[in-house]
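I'm opening my notebook on a new structure today. I'll jot down what I look up as I go.

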Amino acid sequence: MPNKQEPLLKAVGLTKEFGFGRQKTLAVAGVDIELKEGEVITIVGESGSGKTTFAKMILGLIAPTGGEIYFQGQLRDISTYKKKLEYWKNIQAIFQDPYSAYNIFHKIDSVLMDCIRMRGGGNLPHKEKVKMMTEACSFVNLKFEELTNKYPFELSGGQMQRLMIARIFLLDPKILIADEITSMIDACSRATILDMLMELRDKIGMTVIFITHDVGLAYYVSDKVYIMEKGLFVESGTPDEVILHPQETYTKRLISDVPKIYEEWDLSTV
Ligand SMILES: Nc1ncnc2c1ncn2[C@@H]1O[C@H](COP(=O)(O)OP(=O)(O)O)[C@@H](O)[C@H]1O
Ligand SMILES: [Mg+2]
């Protein structure tokens, strides 16, 4: 059993350098982070600051060039494909462009069926699987019966985002990384999507890493905010500390780009 005191996920001196010689880019410059179970954090930074590279290393999609990642107190080992699949049961991501996440030749029921299989439910009776898929869809206000024979590209952007949350519902990961997921949708669906994600967080107790350049989102959803500049976390703390009382010039600048954070992000009125 994992020790409750241990952070769920920990990165120490995590570094990623792309390229060689003059072409070298230090995308992530040695960052430390500790995440507790059920914690919601947001990484905020301007474009090119290293947010996605950080996320991909945590996900095990790209290899760090320095530092270590610990999961449930153990040095993460994803040296074989089998170990990677095991790790991915615990950590999942949704990205900005929901269409890119799906195989466009797979119908929606097979997309959802894959999630059940990944969680080890491949041998359940068909009726049971349909029940699980129906439940996952209704959680995000989609009707499973209307989706079964459709392909992902036949859905609207908002429906696709909701389908992604239905997938997470079935996959039941310990950690979810959401990278710029709200930047492509309108304010109304944005609030709905965030509400659904937070509800899902409460339901399955997952840890969430939001990645965004939207300071308003960070303020409203996070337990802790990390400000990323040129591959480093330059400031971190509670939303009140970091967003209402920023210390760094860079943070102050990011915040001044969003003058009306209160008005725009009153989710209670949506
Ligand atoms: N595959 C790659 N090859 C070379 N450079 C990359 C690659 N991916 C990202 N970078 C560079 O790393 C830096 C950080 O990029 P990224 O992590 O995508 O930032 P963000 O998500 O904050 O916009 C940028 O300078 C980017 O050009
Ligand atoms: Mg990015």
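Before anything else, I need a rule for packing: I call two residues in contact if their C-beta atoms, placed from the backbone, lie within 7 Å. I also remind myself that this is a predicted model.

**Entry: helix 10**

With that rule in hand, I checked what the buried residues of helix 10 pack against, and I found strand 3 (40–45), helix 8 (215–221), strand 9 (224–229), strand 10 (232–237) and helix 9 (239–244). Which residues of helix 10 are buried? In this helix, residues 249–256, I noted Thr251, Leu254 and Ile255. They sit on the same side of helix 10, because they cover an arc of only 95° around the axis. Then I looked at the face turned away from the buried side, and there I found the exposed residues Thr249, Lys252, Arg253 and Ser256.

**Entry: Tyr226**

Is Tyr226 buried or exposed? I counted 24 other C-beta atoms within 10 Å, and a residue is buried if that count is 20 or more, so Tyr226 is buried. Leaving out residues up to four places away in sequence, I saw Tyr226 touch Ile41, Ile43, Phe233 and Ser236. I also looked up Ile211, which is 15 residues apart from Tyr226 along the chain; their C-alpha atoms are separated by 9.6 Å.

**Entry: the nonpolar core**

Next I went for the largest nonpolar core, and it has 67 residues. Leu112, Ala166, Ile177 and Ile209 have the most contacts inside this core. I checked which element gives the most to this core: helix 6 (residues 157–171), with 9 residues. I followed up on Leu112: leaving aside neighbours within four places in sequence, Leu112 is in contact with Met133, Ala136, Ala166, Arg167 and Leu170.

**Entry: around ligand 1**

On to the ligand. I listed the residues around ligand 1, and they include Phe18, Thr25, Ala27, Ser47, Lys51, Thr52 and Thr53. Several glycines are there too, among them Gly45, Gly48 and Gly50. I sorted the shell by type and got 2 nonpolar, 9 polar and 1 charged. Strand 2 (25–35) and helix 1 (51–59) each supply at least two residues of this shell. Helix 1 gives the largest share, 3 residues.

A reminder to myself: most residues other than glycine have a negative phi. I then looked up Asn141, which has a positive phi of about 60° although it isn't a glycine. Asn141 lies in the loop between helix 4 (126–139) and helix 5 (144–147), and with 11 C-beta neighbours inside 10 Å it counts as exposed. Lys230 isn't a glycine either, and I read a positive phi of about 45° for it. Lys230 is in the loop between strand 9 and strand 10. With 15 C-beta neighbours inside 10 Å, Lys230 counts as partly exposed.

**Entry: the whole chain**

Last page. I looked up 11 helices and 10 strands in the protein chain. Of its 270 residues, 36% are buried. I also checked contacts between residues at least 6 apart in sequence, and 69% of them join residues at least 24 apart.

Note on methods
Residues numbered from 1 in each chain as written. Chains lettered and ligands numbered in written order. Predicted model: local features only at pLDDT ≥ 70, side-chain atom pairs only at ≥ 80, totals over all residues. Near = placed C-beta within 6 Å. Helix = DSSP H or I, 4+ residues; strand = E, 2+ residues; numbered from the N terminus. Nonpolar A, V, L, I, M, F, W, Y, C, P; charged D, E, K, R; others polar. Core = buried A, V, L, I, M, F, W, Y, C linked by C-beta atoms within 7 Å. Buried ≥ 20, exposed ≤ 12 C-beta atoms within 10 Å, placed from the backbone. Arc of directions from axis to C-beta.
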